Amino acid sequence: MNSLFYQNLGRLFYAVAIADKKVREVEIKALEKHVKNTWLTIENTKNAFGDNTAFQIEIVFSWLKDGFNTSDECFQTFENYYKLNKPLFTSQIKQIIIETADEIADSFSGINKQELFILDKLNLLLK
């Protein structure tokens with residue numbers, strides 16, 4: 001997978017975390033755990049600096065956290081990327097995306113209405 005792929009995953013996971021208008025530390029920790037335990041193990045693509053490209057997920061997430069992007073904007077960007085690059089999204093990748101998004105949403109007091117809405121949109125998109 002290339003950097004753009006992981007950057008768009010960062011946008012998607014940020015969209016889930018910010019769905020209720022606040023990104024919490026436990027959501028960031030849930031994302032970091034999934035990057036470390038799952039995304040880094042999928043493949044070993046490196047960028048020009050020798051870093052695993054999956055770290056782009058965390059980099060973009062952090063960058064968005066310091067900006068003014070909405071959940072809808074970030075989800076729409078991911079959706080556009082997905083529609084143009086469907087062959088990259090194998091059934092295994094789709095399952096890992098859903099698991100990561102679910103864990104982020106569930107990490108703070110369970111899944112709320114706004115997060116459930118975006119998770120439903122994601123499930124419909126990836127089917």
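Me: How many of the 127 residues of the protein count as buried, and what makes a residue buried?
Reply: In this predicted model, 43% of the 127 residues count as buried. A residue is called buried because its relative accessible area is under 20%.

Me: What makes the radius of gyration of the protein agree with a compact globule?
Reply: A compact globule with 127 residues would have a radius of gyration near 14 Å, and the protein has 13 Å, so the two agree. The C-alpha atoms fill a box of roughly 40 × 30 × 25 Å along the principal axes.

Me: How do you know which elements the protein has?
Reply: A helix is a DSSP run of H or I with at least four residues, and a strand is a run of E with at least two. The protein has 6 helices and 0 strands, so its elements run α-α-α-α-α-α from the N terminus on.

Me: What makes a set of residues a nonpolar core, and which residues touch the most other members of the largest one?
Reply: Such a core is made of buried nonpolar residues, Ala and Leu among them, joined through side-chain atoms within 4.5 Å. The largest has 40 residues, and L9, F13, W39 and I97 touch the most other members. Each of α1 (3–17), α2 (25–42), α3 (56–65), α4 (71–84), α5 (91–106) and α6 (113–126) supplies at least two residues of this core. α1 gives the most, with 9 residues.

Me: How do you know which residues W39 is in contact with?
Reply: Contact means heavy atoms within 4.5 Å. Leaving aside neighbours within four places in sequence, W39 has contacts that include F5, L9, F13, I57, I97 and T100.

How values were computed. Residues are numbered from 1 along each chain as its sequence is written. This is a predicted model: local features need pLDDT of at least 70, side-chain atom pairs count only at pLDDT 80 or more; totals for chains, interfaces and linings use all residues. Side-chain values use heavy atoms; hydrogens and water are left out. The radius of gyration is taken over C-alpha atoms; the globule rule is 2.2 Å times the number of residues to the power 0.38. Buried means under 20% relative accessible area, exposed over 50%, partly exposed in between (1.4 Å probe, protein chains only).
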